[in-house]
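Welcome! Have a look at the structure below, and then we will walk through it together.

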Amino acid sequence: MADQYDLIVIGGGPGGYTAAIRAAQLGLKTACVEKRENKALGGTCLNVGCIPSKALLDSSEMYETTTHKLARHGVKVGSVALDLDTMLKRKDKVVSELTGGVAYLFKKYGVTPVFGSAKLLKGNKVEVTAAGGAKSTLEAKSVLLATGSESAELPFMKFDGKHIVSSTEALNFNPVPKHLIVVGGGYIGLELGSVWKRLGSKVTVLEFLPRILSISDGEIASDVHKLLTKQGFEIHVDTKVTGAKVSGDNVTVTAQSKDGKELSFQGDRVLVAVGRRPYTAGLGLDDAGVKYDAKSGRVEVNQHFQTNVTGVYAIGDLIAGPMLAHKASEEGVVFAETLAGMKPHINYDAIPSVIYIWPEVSSVGLTEEQVKEKGTEYRVGKFKFSATGRAKAMDEQDGYVKVLADAKTDRVLGVHILGPRASDLIAECVTIMEFKGSAEDIARCTHAHPTLSEAVGEAARMAWAGKPLNS
Ligand code: NAI
């Protein structure tokens with residue numbers, strides 16, 4: 001007889017593990033199946049995504065600060081050397097501590113981890129094939145698909161794990177590439193490009209569209225382009241990559257400019273970061289009759305994450321929406337609470353996004369382009385970090401906060417931040433948007449002095465009252 005559960009979660013990433021923990025907290029008998037061979041929970045985010053990349057971004061930023069910024073603060077250092085082995089080991093330690101933390105939480109809340117590859121069978125049964133080949137069957141009232149996504153591959157330049165790689169291998173280059181060619185000017189390309197640029201690589205970004213960060217606010221994306229170029233990035237937009245040839249330890253990438261000119265770039269490593277696709281290989285969607293979009297691979301769900309098959313649900317990168325860890329976790333919580341009879345909600349209009357380059361970029365709500373497209377009358381408030389005492393003290397002069405507010409109601413429509421610690425500053429704006437607040441609401445909240453958050457208050461004041469106090 002199959003093991004019986006209230007809920008089987010397939011996938012132990014931020015969506016799946018969060019759903020499993022919340023379901024168990026609410027008294028549901030829950031199992032979570034994970035196929036990663038080293039039995040590490042946490043999915044792409046903890047193992048080969050958000051966490052290791054941030055560990056490297058923080059380490060490489062320290063190296064950059066030490067080599068290029070400390071002298072201006074009056075701190076003299078002797079010769080500075082990069083110890084890449086230690087940097088990579090520290091990154092691995094950060095990962096193992098966090099994945100171990102998820103295992104601890106499973107134990108604490110009574111989630112049963114099941115290691116192996118899960119296949120959905122008819123009748124809410126799940127077949128699990130363990131690493132050694134042994135098969136077992138689990139059965140549950142509900143099954144949640146949370147298998148996430150994988151790096152998209154370009155058909156004419158397949159990943160080879162060494163010269164032409166996805167973000168996973170780009171976390172472990174050793175030695176530092178001499179010339180890293182990045183295909184795709186999106187989140188991954190710019191973040192991992194930043195890591196290796198700071199550590200000494202020449203970095204060339206090839207972007208198909210007319211601008212990098214195509215879904216970000218246009219003004220912010222244009223200023224990021226300028227700042228990265230100032231940092232030494234070589235960025236080519238309107239450039240369609242057409243092929244790559246490896247010879248010895250070198251790669252030649254061929255591309256075409258918008259006006260049809262043939263281009264060629266010589267490097268030693270190529271990172272292909274052209275987006276991600278839902279990961280459903282071997283999941284048995286077709287046999288179980290679960291509907292998904294053939295082109296995008298996204299599983300179709302209703303507002304309660306229910307697929308067309310009764311009792312089978314899906315969340316995270318598998319379904320529509322931004323492929324972000326925190327979006328998946330929120331959906332996991334809302335799914336589990338709904339299953340347990342609660343009435344939670346998720347507000348897709350207030351999901352923040354962050355790009356961890358330096359200065360950082362963060363945003364919530366609509367971009368200026370989207371506001372214009374909707375035909376909403378709006379006001380813009382902008383405030384430069386260089387006009388705040390704290391940013392000056394930190395020697396962080398670049399960037400600004402941009403608040404978009406409805407011209408009639410003053411309601412905040414979107415906030416976009418380019419600047420130091422933009423990742424943390426966006427939280428206040430998410431809260432305001434969640435409560436449908438106004439620019440005046442932000443401006444009237446007291447912002448501690450001297451902090452970077454004063455730039456948020458001043459930008460909001462400008463959107464609401466037409467002028468800030470300190471500029
Ligand atoms: P992306 O969608 O952010 O950017 C991919 C870029 O590649 C686009 O600008 C696209 O126009 C370009 N592109 C596509 N085909 C191309 C071609 N043939 N030649 C040149 N350029 C081409 O995708 P990315 O950076 O791979 O990230 C994948 C997902 O992971 C994203 O959905 C992102 O949200 C998520 N992510 C989030 C992070 C964060 O929250 N900080 C960090 C890293 C990834």
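This is a predicted model: local features need pLDDT of at least 70, side-chain atom pairs count only at pLDDT 80 or more; totals for chains, interfaces and linings use all residues.

Residues are numbered from 1 along each chain as its sequence is written, and side-chain values use heavy atoms, with hydrogens and water left out.

**Domains**
- The protein chain is assigned domain 1 (3–151 + 277–346), domain 2 (164–274) and domain 3 (350–465); such bounds come from an automatic or database domain assignment.
- Taken over C-alpha atoms, the centres of domain 1 and domain 2 are 28 Å apart.

**Where domain 1 meets domain 2**
- Domain 1 gives 19 residues to the contact and domain 2 gives 17 residues, where contact means heavy atoms within 4.5 Å.
- About 1400 Å² is buried between domain 1 and domain 2, with carbon and sulfur atoms giving 64% of that area. Buried area is the accessible area (1.4 Å probe) that two parts lose on being put together, summed over both.
- V48, L57 and L84 supply 30% of the area that domain 1 buries against domain 2, more than any other three residues.
- Two salt bridges cross this interface of domain 1 and domain 2; the rule asks for a side-chain nitrogen of Lys or Arg within 4 Å of a carboxyl oxygen of Asp or Glu.
- Seven residue pairs (both at pLDDT 80 or more) are in polar contact between domain 1 and domain 2. A polar contact is a pair of N or O atoms within 3.5 Å; within protein, one must be able to donate a hydrogen and the other to accept it, and residues adjacent in sequence count only if both atoms are side-chain atoms.
- On the side of domain 1 that touches domain 2, α3 (50–69) and α4 (84–109) each give two or more residues, and α3 has the largest share, nine residues. Helices are DSSP runs (H or I, at least four residues) and strands are too (E, at least two), numbered from the N terminus.

**Around the ligand**
- The ligand is surrounded by 22 residues, the closest being I188, E191, E207, G275 and V354; a residue counts if one of its heavy atoms lies within 4 Å.
- A side-chain N or O atom of E207 is 2.6 Å from an oxygen atom of the ligand.
- A polar backbone atom of Y187 is 3.2 Å from an oxygen atom of the ligand.

**Salt bridges**
- The count comes to 22 salt bridges.
- One of them joins the side chains of K202 and E234 (3.6 Å, N to O). K202 is in strand β10 and E234 in strand β11, 32 residues apart.
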